[in-house]
Amino acid sequence: MTQSNPDSFVPAMAEIAREAGALLMEYFQQHVKVEYKGDADLVTVADRTSEILIRDRIKARWPAHDILGEEQGLVDTGSDYRWFVDPLDGTTNFAHGFPVFCVSLGLQHKDRLVAGVVYDPTRDELFAAERGSGAYLNQQRVQVSKIANLSECLVATGFPSHKRHKNPNIHFYHQITLRTHGVRRAGSAALDLCCVASGRFDGFWEFNLNPWDTAAGVLIVEEAGGKVTDFKDGAFQLNSRETLASNGLVHPALLHEFAEIFAGRGLEPLPEIQEYRKERV
Ligand code: IPD
Ligand code: CA
Ligand code: CA
């Protein structure tokens, strides 16, 4: 298991993520003031302070590593190692007092994800993976679900706060809702990915995520036996604007639905309000 590997990054990453998570919980209880980065793009002192803490801890242990964090951007030292830091994934939830948020730390070596940790301080759940060593939730091995029919799936998606009007995802949300047990939109992409890894969700997709949202969660899904691609089954890239994760079994069905939606086929028109009322009785 990952923790017994002397070269493992996970134990130190877990320590950092837990420390940052404890800090987030202190701020969460204080109901901190919200600021706007954009139209509906929120940020708080908790996002900033958590990133400062995480950067300090990474620099203390691995001073030569590159770090890309959501709030402070990239520090490029030319290292083969690069960290992707989301100091608070789920800021909108956090700001409204809805307890679904986490800390996400992903580590890449020469363009390959090698380790990832996602910590949910509200449930004390730590998801972790090291390349080739499986995925874990609080030290217990986790695996993706075994559901093979899309119609029996619970899936998830998200809507980025940036350029909301240019995002076609509402069509996808509509169509996939009609073809599954439901689509959850919980507000933390990193936790959504971990829910796929642990079999709580059977699939997840989102447009326009950033590398700090996905780096850790993608590796955790893959190490749990799942699949992550773009919307045309191409290899997932950290700078990709499309993320589709699943248990692997329902991947072809999701890709098929996406192709239909992109082609403008299979769209179910909203019923007239009179018709809808009639059907309800
Ligand atoms: C957001 C969350 C959300 C997703 C957005 C992300 P943030 O990250 O992951 O679930 O839908 O696209 O930007 O801003 O809370 O770190
Ligand atoms: Ca995020
Ligand atoms: Ca964030």
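This is a predicted model: local features need pLDDT of at least 70, side-chain atom pairs count only at pLDDT 80 or more; totals for chains, interfaces and linings use all residues.
Residues are numbered from 1 along each chain as its sequence is written, and chains are lettered from A in written order. Local features need pLDDT of at least 70, side-chain atom pairs count only at pLDDT 80 or more, totals for interfaces use all residues, and side-chain values use heavy atoms, without hydrogens or water.

Select 10-142 as domain 1 and 150-263 as domain 2; these bounds come from an automatic or database domain assignment. Their C-alpha centres lie 20 Å apart. The contact (heavy atoms within 4.5 Å) takes 40 residues from domain 1 and 25 residues from domain 2.

The two domains bury about 2,400 Å² between them, with 65% from carbon and sulfur atoms. Buried area is the accessible area (1.4 Å probe) lost on putting the two parts together, summed over both. Next select D89, L113 and F127, which supply 21% of the area that domain 1 buries against domain 2, more than any other three residues.

Then show R131 and E222: they form a salt bridge, with the closest N and O atoms 3.7 Å apart. The interface has 2 salt bridges (a side-chain nitrogen of Lys or Arg within 4 Å of a carboxyl oxygen of Asp or Glu) by this rule.

Finally, colour the strands (DSSP E runs of at least two residues, numbered from the N terminus). Elements giving two or more residues to the side of domain 1 that touches domain 2 include strand 5 (81-89), strand 6 (102-109) and strand 7 (112-120). Strand 7 gives the most, with 7 residues.

How values were computed
Helices (H or I, at least four residues) and strands (E, at least two) are DSSP runs, numbered from the N terminus.
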